[in-house]
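Have the structure open and follow along.

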Amino acid sequence: MPARFRDIKRAAKKFGIVVTPDRAGSSHFNFTRDGRTFPISAHHGEKTEINDKYIRLLCDAFGIDPTEFRKLL
Amino acid sequence: MLLERCEDLPDQWFAQCLAFNVVSQGDSVAHAIEMVLDAIRIVFENEIGQGHDPLARNGLGPWRKPAKKAEWERLERLILGGKLGTRAELARVDERGLDAVATQIEVRLATRARAPKFKRAAAAVVHAAA
């Protein structure tokens with residue numbers, strides 16, 4: 001199931017992930033924890049809908065249980 | 001690079017560069033390619049900025065996990081079973097109602113004057129073309 005960017009950002013913060021806009025001004029936001037960065041596209045702003053596979057890969061990148069992450073969306 | 005129309009968001013395309021395992025999403029095939037190239041730039045600049053080689057571990061850098069075997073198999077099936085198209089046709093994929101595309105990208109690294117600690121190859125991605 002897809003989720004809005006703003007909800008993903010809020011859930012990620014609860015897992016200690018820091019979310020910052022890309023310094024170069026692109027429509028990506030950097031999701032960073034322990035030095036590792038995973039960019040997520042917000043090309044329609046906070047309302048951007050992010051597909052399920054993208055969310056699962058975000059969880060995989062940071063070792064987060066996707067089911068636990070989904071509960072926060 | 002594997003590009004697929006999102007099953008759960010049919011007006012969106014998901015782009016996955018399997019070699020570097022970097023992903024992004026866009027409104028069209030061309031937009032998704034543009035977005036994943038930008039995501040590669042962000043990931044590489046972050047890794048280089050911390051003194052790591054983004055091309056180490058066969059292009060996975062210090063942290064990225066390899067893409068799943070099923071994704072590589074999907075790419076292989078597309079390459080072997082799909083129709084070869086031109087770069088111009090790539091821009092018209094949306095009109096043709098296709099759901100998946102495989103393409104190749106070229107990422108070039110270049111050194112900036114104020115390069116960080118990482119010296120072997122590069123300081124920033126300056127050019128990336130589909």
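A salt bridge here is a side-chain nitrogen of Lys or Arg within 4 Å of a carboxyl oxygen of Asp or Glu. Keep that in mind, and keep in mind too that this is a predicted model.

## A helix in chain A

Let's start with helix α1 of chain A, residues 5-14. A:Asp7 and A:Arg10 both sit in this helix, three residues apart, or about one turn. They form a salt bridge, with the closest N and O atoms 3.1 Å apart. A:Asp7 is among the buried residues of the helix, along with A:Phe5, A:Ile8, A:Lys9, A:Ala11 and A:Ala12. A:Arg10, on the other hand, is partly exposed, with a relative accessible area of 40%.

After α1(A) comes A:Gly16, which has a positive phi near 80 degrees.

## Chain B at a glance

Chain B has four helices and six strands, in the order β-β-β-α-α-α-α-β-β-β from the N terminus. Of its 130 residues, 47% count as buried. If you take contacts in chain B between residues at least 6 apart in sequence, 46% of them join residues at least 24 apart.

Now for the hairpin: β2(B) and β3(B) make one, with four residues between them, and B:Asn21 in the turn has a positive phi of about 50 degrees. The two strands run antiparallel and are joined by five bridges. B:Phe14 stands opposite B:Gln25 of β3(B). What covers β3(B) is the rest of the structure: five of its five residues are buried, so the strand is largely enclosed.

Over all chains, the structure holds 17 salt bridges. One of chain B's pairs is B:Arg5 with B:Asp99, whose closest N and O atoms are 3.0 Å apart. It links distant parts of the chain: B:Arg5 is in strand β1, B:Asp99 is in the loop between α4 and β4, and they are 94 residues apart. Both ends are partly exposed, B:Arg5 at 23% relative accessible area and B:Asp99 at 48%.

B:Arg64 and B:Glu47 make another pair, at 2.8 Å between the closest N and O atoms. B:Arg64 lies in the loop between α2 and α3 and B:Glu47 in helix α1 of chain B, so this bridge ties together parts 17 residues apart in sequence. Both of these residues are buried.

## Where the chains meet

How many residues of chain B are in contact with chain A? There are 26, and they touch 25 residues of chain A. About 2100 Å² is buried between the chains, with carbon and sulfur atoms giving 54% of that. There are 16 residue pairs in polar contact across the interface. On the chain B side, β2, β3 and α1 each supply at least two residues, and α1(B) gives the largest share, eight residues. By type, the chain B side divides into nine nonpolar, eight polar and nine charged residues.

Five salt bridges run between the chains. One of them joins A:Asp22 to B:Arg41, with the closest N and O atoms 2.5 Å apart. Those two belong to a salt-bridge network that also takes in B:Asp38 and B:Glu45. B:Asp38 is in helix α1 of chain B and is buried, at 15% relative accessible area. Its side chain makes a polar contact with that of B:Arg41 at 2.9 Å. B:Asp38 also touches A:Asp22, A:Ser26 and A:His28.

Conventions
Residues numbered from 1 in each chain as written. Chains lettered and ligands numbered in written order. Predicted model: local features only at pLDDT ≥ 70, side-chain atom pairs only at ≥ 80, totals over all residues. Heavy atoms only, no water. Contact = heavy atoms within 4.5 Å. Buried area = accessible area lost by both parts, 1.4 Å probe. Polar contact = N/O pair within 3.5 Å; in protein donor to acceptor, adjacent residues only side chain to side chain. Nonpolar A, V, L, I, M, F, W, Y, C, P; charged D, E, K, R; others polar. Buried < 20%, exposed > 50% of the residue type's maximum accessible area, 1.4 Å probe, protein only. Pairing = 2+ DSSP bridges. Lists of a residue's contacts leave out its neighbours within four places in sequence.
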